[in-house]
Structure formats: structure tokens, C-alpha cells
Amino acid sequence: MIFDTNILIYLSNYTLSPEKLFLKHASISVITKIEALGFAFKNAEEHDLIVKLCNELSIIHLNDAIVEATINIRRANRIKLPDAVIYATALVQQQPLLTHNVADFKSIDNKVELIDPFAL
């Protein structure tokens with residue numbers, strides 16, 4: 001399963017419980033790592049938890065397949081570049097995308113299963 005950036009934020013502020021999610025089988029795009037660690041946390045504990053999560057999760061780096069999928073997604077949809085990369089990562093990895101922002105991805109091709117953790 002690929003985690004969207006908002007999932008890391010919800011984990012860091014305890015809106016989501018890590019026990020509820022399958023962290024051992026989860027990955028994040030390198031873009032998620034950049035977004036999450038680039039967030040200006042007011043609480044140092046939240047930042048430290050994000051660092052710990054990023055160190056424990058598998059990081060999927062950009063490769064030619066993800067780049068090409070991102071280009072195709074951006075050509076066909078009005079979507080922010082980070083969201084396109086995250087979706088393309090899930091698409092290429094053939095993994096579901098865990099996100100609370102399901103609406104951000106609904107207009108895309110429906111080839112990736114979108115899971116809202118608050119709906120579980």
C-alpha cells in the first residue's frame with residue numbers, strides 16, 4: 001500500500017492510529033517524504049514522528065516508469081504535480097493508495113484503488 005502525504009500528517013498528530021494501519025506493508029513516494037518533512041510543524045514531536053515514519057517506511061524513488069506515468073496523468077488531468085507523482089507511484093507499483101483526499105484522485109483513470117482510512 002502507498003501512503004499519501006496526508007496519512008503521515010494524520011499519524012504524526014495522532015488523528016490516525018499507527019496500529020490501525022499496516023505499516024510493515026506500506027511504502028511512500030519520495031515526493032511524500034519531501035512534502036512531509038518539508039512541512040513547517042509547530043510541534044517538534046510531530047516532526048520527529050514524521051522522521052521516524054519515513055525511516056521505517058519503504059521509500060519508492062522516481063524511475064522512468066513513474067516519470068512516464070506522471071507525464072501521462074498530468075497531460076490527461078488537472079492535478080498538482082506531487083499528487084500526480086504519488087498516484088503514478090501507486091499505479092506503477094500496482095498498489096492501493098491510502099489517502100483521505102480521495103476526491104483529489106477520483107478524476108484520474110481509476111486504475112488505482114483509493115482507500116480512505118477514515119472509512120475503514
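**Notes on the sheet and the overall fold**

1. Strand β1 (residues 2–3) pairs with strand β4 (residues 97–98) in the parallel sense over 2 bridges, where strands are DSSP runs of E with at least two residues, helices are runs of H or I with at least four, and both are numbered from the N terminus. Two strands count as paired if DSSP finds at least two bridges between them. Within this pair, F3 stands opposite L98 in β4.

2. The model is predicted, so that local features need pLDDT of at least 70 and side-chain atom pairs count only at pLDDT 80 or more, while totals for chains, interfaces and linings use all residues. Residues are numbered from 1 along each chain as its sequence is written, and side-chain values use heavy atoms, with hydrogens and water left out.

3. The 5 strands form an open sheet with parallel pairing, in the order β3-β2-β1-β4-β5. Its edges are β3 (58–60) and β5 (114–115), each of which pairs on one side only.

4. Along the sequence the pattern reads β-α-β-α-α-β-α-α-β-α-β. The radius of gyration is 14 Å, close to the 14 Å that the globule rule gives for 120 residues, so the chain is as compact as a globular protein of that length; the radius is taken over C-alpha atoms, and the rule is 2.2 Å times the number of residues to the power 0.38.

5. Among contacts (heavy atoms within 4.5 Å) between residues at least 6 apart in sequence, 59% join residues at least 24 apart.
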